[in-house]
Amino acid sequence: MATKEEIVNGFIKAIVDGDETASAKWAKEGVAANLDAYELVTKHGGDAMSIVNSKYERKEFFVPEVLCSANALNAGVDVLAPHMKSDKTSEPATVILGVVEGDIHDIGKNLVKIMLSAAGFKVVDLGKDVPLAQFIEKTKELKADVIGMSALMSTTMPSMKKVIGMLQDAGIRNKVKVIVGGGPVTKEWALSIGADDRPHDASAAVGVTKDLVAKVRAERGAW
Amino acid sequence: MGEMTPRKRALLCVTGNKRKADRISCLDTLTTCTVDQMNAVKAPFPEANRDPELAFRLAAAAWEVVGLEGFKMPFDLCVEAEALGCKINWGRIDRHPSVESHVFADLKDLKIPEDILDRGRFRMKHDVELRLMKEYGDYLPVANQVTGPFTVAGHIFGIEKFCIWTKKRPLEEVKEALMTISEMNIADCKRALRSGAEIVCIADPSATSDILSPAFFRDVMVPVYKNMSRKIGAPIILHICGNTSAYLPYMPDTGFDAMSVDAQVDIGFAKAIVGNKIAIVGGVPTITALLFGTPQKVREAAIDAIKKGVDVLMPSCGIPPRTPLENFKALVEVARCMVYQ
């Protein structure tokens, strides 16, 4: 039987290589060896995606490679999910994700979803081409901590600004943090429209979201 | 010697011969419709995307309302996907049509029907181009826009799936599919050129280097584009969204006349890389200057682009429909050298 180190390294390598078959195989080995499934996904899966991300940043990897890695992580998660004991110490933070109305480019949003789910957030995916009012409705309904909006076309970016205005009008802007992303969205522009942050990519979204959840919970208390 | 027509000026500037023109050309071969233009000529989205009379009026508004020195058809990027059977969401006055469903499950399912140019809105597009040519053609050029092969592939297969195939399938199969799609683009352009269009704009927004590697661009996209430039036989502008800086060294190999670059690409940098091998067009940021800026901000951006050597003054990407008319007009004013008005 493989050692823990072999399993963890094999799992990480399979994800980085974008190899779904190998990822599922190492996940099964992990189950057989009685490893902590939750840790394997969130910690080691997260580590693997960090490697993928730094390769993406260095322009060694591009979106196709990242998608293959995300699929490999998912293949592992599928095997491990039934064995995961969720972290009961704190209520998981709720994150709403969606690509704004008029935009159907959802690669970036899907990557963020995979990363945040793997990191233990409760992610509610509204999909693509999401009517703006739906962001507000779902935020109230689910008492969300963070909203993540994505736009890949410069023509639909203004919708993000509208949603932030709608949150203000609804009187709930201070109850939820807003992150935005997508190719043409710069951090400068994000801050200028009143968003809280613009993580520079999908794995950075994990750290940013964690910080924002802590911040919003401290500022707001319960919903 | 009479005054140079905008048509002649545009053809010179698009092909990198701006020094032979009397001044820089200002036209927009990308998504150029705004709500202000739609209201001015009473030809709103979504209807104007499908009704030939409204489409003609809205296309003509580029000159009649904004003063842009050329026309382009169509207004959206869904003509190819629609003709191939994708479901289209027609949008609304300030929202472009978008592709809602994909049609082919696998690379090997790809088949372009023989009569593709008689399907969907191809015919309407060419008819409107012909009418524009008849009414304005001696004075202003007409551009035929096609949706580029990679973007069409994203529409008909699903962009994520297609991206994954670029890694998991033999590269030759991927290239073959893109070549097949490019043949549809070529046939479209040939008919458009017979209808009086004189410039071709290939809009391939999905082929951005935010998504694809420069190596994939070099090994797969460049041969596909080369196939198009060899066969189309007209001045061609390629537009790709996002930061395409890493593609610039390979751009002259496409055989295209001009590359339209988005706001993330510095015009001076682009010119330094490609030299005079291919024209660089664009330069005026759609979001910071045109949509959210002021006429003064647009003028400054336009002057900056000219200083850096841009060949045609153009918005850097598709124009957001809510762009104020006065901002759009400021762009044309700079080209007309009425800078400080």
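Mentor: Happy to; we can go through the domains, the sheet, one glycine, the core and the chain contact.
Mentor: Keep in mind that this is a predicted model, where local features need pLDDT of at least 70, side-chain atom pairs count only at pLDDT 80 or more, and totals for chains, interfaces and linings use all residues. Residues are numbered from 1 along each chain as its sequence is written, while chains are lettered from A and ligands numbered from 1 in the order in which they are written.

Trainee: Okay, what does the domain assignment of chain A give?
Mentor: Chain A has domain 1 (4-83) and domain 2 (94-220), with bounds from an automatic or database domain assignment. Their C-alpha centres lie 25 Å apart.

Trainee: And how many residues of domain 1 of chain A are in contact with domain 2 of chain A?
Mentor: 14 residues of domain 1 of chain A meet ten residues of domain 2 of chain A; a contact is a pair of C-beta atoms, placed from the backbone, within 7 Å. On the domain 1 side, helix 3 (37-57) and helix 4 of chain A each supply at least two residues, and helix 3 of chain A gives the most, with eight residues. Helices (H or I, at least four residues) and strands (E, at least two) are DSSP runs, numbered from the N terminus.

Trainee: Which classes are on that domain 1 side?
Mentor: Eight nonpolar, six polar and no charged residues. Here Ala, Val, Leu, Ile, Met, Phe, Trp, Tyr, Cys and Pro count as nonpolar, Asp, Glu, Lys and Arg as charged, and the others, Gly among them, as polar.

Trainee: Switching to the sheet in chain A: what's the strand order?
Mentor: The order is 2-1-3-4, in an open sheet of four strands with parallel pairing; strands pair if DSSP finds at least two bridges between them. Strand 2 (122-125) and strand 4 (177-181) of chain A are at the edges with a single partner strand each, so one side of each has no neighbour in the sheet.

Trainee: How many bridges join strand 1 and strand 3 of chain A?
Mentor: Five, between residues 94-99 and residues 146-150. Val95(A), for instance, has Val146(A) as its bridge partner. Helix 6 (residues 132-142) of chain A lies across strand 1, strand 2 and strand 3 of chain A, at about 165 degrees to strand 1. That angle is between N-to-C directions, on a scale from 0 to 180 degrees, with axes fitted to C-alpha atoms, for helices over the stretch in contact.

Trainee: Is Gly30(A) buried or exposed?
Mentor: Gly30(A) counts as buried because it has 26 C-beta neighbours inside 10 Å. The cut-offs are 20 or more other C-beta atoms within 10 Å for buried, 12 or fewer for exposed, and partly exposed in between. Gly30(A) sits in helix 2 (residues 20-32) of chain A, and its contacts beyond four places in sequence include Phe11(A), Leu40(A) and Leu80(A).

Trainee: What about the largest nonpolar core, how many residues?
Mentor: The largest nonpolar core has 193 residues, with Met115(A) and Ala59(B) among those with the most contacts inside it. Such a core is a set of buried Ala, Val, Leu, Ile, Met, Phe, Trp, Tyr and Cys residues joined through C-beta atoms within 7 Å. Domain 1 and domain 2 of chain A both give residues to this core, so it lies between them.

Trainee: Last one: how many residues does each chain put into the contact?
Mentor: Chain B gives 26 residues and chain A gives 18 residues. Helix 7 of chain B has the largest share of the chain B side, seven residues.

Notes: Two residues are in contact if their C-beta atoms, placed from the backbone, lie within 7 Å.
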